[in-house]
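Visitor: Hi, could you walk me through this one? I'd like to start with the overall picture and then look at how the pieces pack.

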Amino acid sequence: MLSFYLLTLPGSAVPVLNWFNKIQGDKLVHIAIFAIMVILLLFPVQRLSGSPIHFKTILFIALAALAYGVVMEFVQENYIPNRSFDVFDMIADGIGCFLGIGCWKYLSAKRTSTS
């Protein structure tokens, strides 16, 4: 829900920070949003399955999150005032998805080793 809210904010509601724009900070936000989304999707799936998650399931979740990011770019272009379609946002979304897998694997292994 938070990602949907952030991705559908009108452009006029997004604060303009010159230093943030210079470093392409919005891409860092996309990476963070999608990494967190994948992590938050993988933990419940792991808990519900009761066993290690198959690679295909992990990949499916990451690709579904990425597909959501792509769809949201089209939504921004066509339905959100002062927002635009940006291929680099989609690339950042993909980086975030796969970074989320790596973080989840790390956190999951850490939880297993402490249990």
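Predicted model: local features only at pLDDT ≥ 70, side-chain atom pairs only at ≥ 80, totals over all residues.

Visitor: Great. How many helices and strands are there?

Guide: The protein has five helices and zero strands, and the pattern along the sequence reads α-α-α-α-α. Helices (H or I, at least four residues) and strands (E, at least two) are DSSP runs, numbered from the N terminus.

Visitor: What share of the residues is buried?

Guide: Of the 115 residues, 33% are buried. Buried means under 20% relative accessible area, exposed over 50%, and partly exposed in between, with a 1.4 Å probe and protein chains only.

Visitor: And what about contacts between residues at least 6 apart in sequence?

Guide: Among those, 77% join residues at least 24 apart. Contact here means heavy atoms within 4.5 Å.

Visitor: On to packing. At what angle do H4 and H5 pack?

Guide: H4 (residues 55-79) and H5 (residues 87-114) pack at about 155 degrees, with their axes 9 Å apart. Axes are lines fitted to C-alpha atoms, for helices over the stretch in contact, and angles run from 0 to 180 degrees between N-to-C directions. The two helices are therefore roughly antiparallel. As for the cut-offs, under 35 degrees is roughly parallel, over 145 roughly antiparallel, 65 to 115 roughly perpendicular, and the rest oblique.

Visitor: Which residues make that contact?

Guide: From H4 they include Leu 59, Leu 63, Leu 66 and Val 70, and from H5 they include Met 90, Cys 97, Phe 98 and Trp 104. The contact residues of this pair divide into twelve nonpolar, two polar and three charged. Ala, Val, Leu, Ile, Met, Phe, Trp, Tyr, Cys and Pro count as nonpolar, Asp, Glu, Lys and Arg as charged, and the others, Gly among them, as polar.

Visitor: How does H3 sit against H5?

Guide: The axes of H3 (residues 25-49) and H5 come within 6 Å and cross at roughly 40 degrees, which makes H3 oblique to H5. Their contact residues split into 16 nonpolar, five polar and five charged.

Visitor: And H3 with H4?

Guide: Those axes come within 10 Å and cross at roughly 140 degrees, so H3 is oblique to H4 as well. Residues of H3 including Phe 34, Met 37 and Leu 41 meet residues of H4, among them Ile 58, Ala 62 and Tyr 68. The tally for this contact is eleven nonpolar, three polar and one charged.

Visitor: I noticed Val 45. Which residues does it touch beyond its neighbours within four places in sequence?

Guide: Val 45 is in contact with Ile 53, Thr 57 and Ile 61. Val 45 lies in H3, and Val 45 and Ile 61 are 16 residues apart in sequence and 9.6 Å apart in space, C-alpha to C-alpha. At 30% relative accessibility, Val 45 counts as partly exposed.

Visitor: Is Cys 97 buried or exposed?

Guide: Cys 97 is buried, because its relative accessibility is 0%. Cys 103, at 30%, counts as partly exposed.

Key: Residues numbered from 1 in each chain as written. Heavy atoms only, no water.
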